[in-house]
Amino acid sequence: MHVIAIGRLRKAPEADLFERYNARLRPRLTVTEVAEARGDPATVKRLETAALLGSLPRDAFAVPLDPGGQALDSETLAAKLRRWSELGRPVCFLIGGAEGLDRPVLARADFVLSLGALTWPHFLVRAMLAEQLYRAQAIALGHPYHRAGRPNAPA
């Protein structure tokens, strides 16, 4: 699997958290970082869209992360990842910058994934995605990392 993301993740807690989960993934995520654009919001979106789409392999199964996409539970994500991996196409997650993703990226999508309705810093999204991908692998392997429901939750 591949992540194509706007911005360079520098040495910071977000980078450490991303690396913590990426190191657990088999195989690890490959990451392509696209430079953040400068200018007014419309220009930034246009330039970043061109850069994201230009970095996307032609045959990729494109999964942009966007609040308007589908929010899945971890088990459903694990099942989708299994099906996507059977397509024989590289699965590429696209993470926009501070201005978000523009329509052409969403139009190219094979599936639009949402991490919820809240707005997240795009650098933190990488770590959250890596954790969910690791969780999905754990579910697929029957590893005890994932616990369905909350333990000891009141009925």
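Arginine 28 counts as partly exposed because its relative accessibility is 38%. The cut-offs behind that label are simple: buried means under 20% relative accessible area, exposed means over 50%, and partly exposed lies in between, using a 1.4 Å probe and protein chains only.

Before going on, a word about the model. This is a predicted model, in which local features need pLDDT of at least 70 and side-chain atom pairs count only at pLDDT 80 or more, while totals for chains, interfaces and linings use all residues. Residues are numbered from 1 along each chain as its sequence is written, and side-chain values use heavy atoms, leaving out hydrogens and water.

## Charged partners

Side chains of opposite charge can pair when their charged atoms come close. Here, a salt bridge is a side-chain nitrogen of Lys or Arg within 4 Å of a carboxyl oxygen of Asp or Glu. How many salt bridges does a search of the whole structure find? The search finds 6.

| Salt bridge | N to O distance |
|---|---|
| lysine 11 and aspartate 16 | 3.2 Å |
| glutamate 19 and arginine 28 | 2.6 Å |
| arginine 126 and glutamate 33 | 2.8 Å |

Helices (H or I, at least four residues) and strands (E, at least two) are DSSP runs, numbered from the N terminus.

Arginine 126 is buried, because its relative accessibility is 2%, whereas glutamate 33 is partly exposed at 36%. In the pair that contains arginine 28, glutamate 19 is partly exposed too, at 34%.

The whole structure holds 3 aromatic pairs. Rings of Phe, Tyr and Trp (its six-membered ring) pair if their centres lie within 6.5 Å; planes under 30 degrees apart count as stacked, over 60 as edge-to-face and the rest as tilted.

One of these pairs is tyrosine 21 with tyrosine 134, tilted at 40° between the planes and 6.3 Å centre to centre. Tyrosine 21 lies in helix α1 (residues 13-22) and tyrosine 134 in helix α5, so the pair ties together parts that are 113 residues apart in sequence. Both tyrosines are buried.

Phenylalanine 61 and tryptophan 84 form another tilted pair, with 4.9 Å centre to centre and 35° between the planes. Phenylalanine 61 belongs to strand β3 (residues 61-71) and tryptophan 84 to helix α3, 23 residues apart. Are these two residues buried or exposed? Phenylalanine 61 is buried at 8% relative accessibility, and tryptophan 84 is buried at 7%. Together with Phe111, Phe61 and Trp84 form one aromatic cluster.

Tyrosine 134 has a charged neighbour as well: arginine 24 lies over its face, 5.4 Å from the ring centre. A charge sits over a ring if NZ of Lys or CZ of Arg is within 6 Å of the ring centre and within 35 degrees of the ring normal.

Serine 74 lies in helix α3 (residues 74-85) and counts as buried, because its relative accessibility is 13%. Which side chain does the side chain of serine 74 contact? The partner is the side chain of glutamine 132, in a polar contact of 2.8 Å. A polar contact is a pair of N or O atoms within 3.5 Å; within protein, one must be able to donate a hydrogen and the other to accept it, and residues adjacent in sequence count only if both atoms are side-chain atoms.
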